[in-house]
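Have a look at the model below, and keep it open while you read. My notes follow as numbered points.

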Amino acid sequence: MLLAPNTLAAIADQLVATEDGLRFAVVPVSADPLAFVRAAAPVFGSARYVASPGGVRLGSVGTAWRAHAQGLRRFERLEEAWRRGPEMPAAARLMLGFAFSPDGPRTDVWDGFAASELVLPEVTVIAEPPHVSYAVVAVPPGAEPRSVIAALADLAQPVSPRVPGLGDHSVHAIPPGAEWCVAVEEAVAAIEAGSLRKVVLARSVAVDAEMTIDAFEMVHHLGVRNPQCHIYGWQVGDATLIGASPELLVGTRDGEVRANPLAGSAKRGIGDEEDRRIGAALLSSEKDRVEHALVVEDIASRLRPLTVTLDVPAEPSLSRAATVQHLSTQIRGSMRNGTSLLGLAGQLHPTPAVGGTPRQDAIAFIDKVETIDRGWYSGGVGWLSPSGEGDVAVALRCALVSGRHALLFAGNGIVADSNPQAELVETRWKLGPLLNLLTEA
């Protein structure tokens, strides 16, 4: 039994005590958020998991309330729906996800993934450092609490995640590497002509495995192997977006806003000495410093009108992931009254780290030359509290998993000095953690 009988009894008591509207129960639990998702996802039919590095972890299933929106004002519409929505206890958490494009995914592979959505789950298990864990149960009007409690009572502790290994597999690039390099050449030409300063071009890799891929088992392995990243899994129907993103789009706590743009990348070295040498070369690379500065300047300019103070370090530092190290800048500021996480996300997305600059010209170029449907890749995934605090990670280093099939995504920022073959190799570093995980035998 995953949840103890006294926990279920406490949930039942709180739900019965409220007759009208959305009914809530908030109870302490010992269950791990990801273990809860692994056990409950098949029962509730939809599931989401997000974890910040060293911070809060949330695992949720089902849908008690949902808002979705598309178009250029999608974040405003989500916020309007949230403000008009049901009252929630302070412990409740909403899950936020959105696509790269304001109009959302355009192909069936992303079927069911909205342009943007805000979800109050039926059940959320939350673990906050250092040692606070609790569950929030939300039963919508007209629903029967006893059915939710019965479903929770039937949950068993999931078995330990299997050692990765999905048998034989096939891998192919979409588009082929040579075609993607041609698009990079076009981007460099556009930059040299002065119509762009930077543009991010993405590509994908399809993996077909011999065995069914358990998406949330993969999320577990991603978390173990990438503790410095934002780990996420978002299930819609038969498909689940999973990933380990190194980049925080925006976070808010106690009136403070944080952003952590990453741009400019290099591989990890073999051994500490080589790793330090590659990192030092990245820090001194003019090409990478220019690319990074374009992102930082854009984010800072968009945050300044929404903040009272803003601290933007003059020099980048290094952020190291499993196979790639990045130039990183930690931006912090104090927010103006009335500023919200959703408003900040709408102001910042898409940053030049996933789109380019000038923003609209870069997006138009992406629409013209990219042959893949990014869907939620390079969009965002995160959470929001009733008071408006939360975190949104950029949906990077990700794969859309369904059955025995996975579609992985990676992209690179293209600037005037970009070399197509070098950019292709860099995307392979970024694909590495997930591709290695999915193709281990």
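1. First, a term: on a 1 Å grid over the protein atoms alone, a cavity is a set of points where a 1.4 Å probe fits but cannot get out, and lining residues have an atom within 4 Å of a point. A volume is the space filled by probe spheres set on the points, with grid points joined across faces, edges and corners. By that rule, the structure holds 4 cavities of 30 Å³ or more.

2. Keep in mind that this is a predicted model, where local features need pLDDT of at least 70 and side-chain atom pairs count only at pLDDT 80 or more, while totals for chains, interfaces and linings use all residues. Residues are numbered from 1 along each chain as its sequence is written, and side-chain values use heavy atoms, leaving out hydrogens and water.

3. The largest cavity has a volume of about 220 Å³. It is lined by 21 residues, and Leu262, Ala353, Arg397, Gly411 and Lys430 are the closest to its centre. The lining divides into 9 nonpolar, 6 polar and 6 charged residues. Here Ala, Val, Leu, Ile, Met, Phe, Trp, Tyr, Cys and Pro count as nonpolar, Asp, Glu, Lys and Arg as charged, and the others, Gly among them, as polar.

4. What about the second largest cavity? About 80 Å³ of space lies there. Of its 13 lining residues, Val50, Ala51, Ser52, His230 and Val381 are the closest to the centre. By class, that lining has 9 nonpolar, 3 polar and 1 charged residues.

Note on methods: On a 1 Å grid over the protein atoms alone, a cavity is a set of points where a 1.4 Å probe fits but cannot get out, and a pocket is an open set with protein on both sides within 12 Å along at least five of seven lines; lining residues have an atom within 4 Å of a point.
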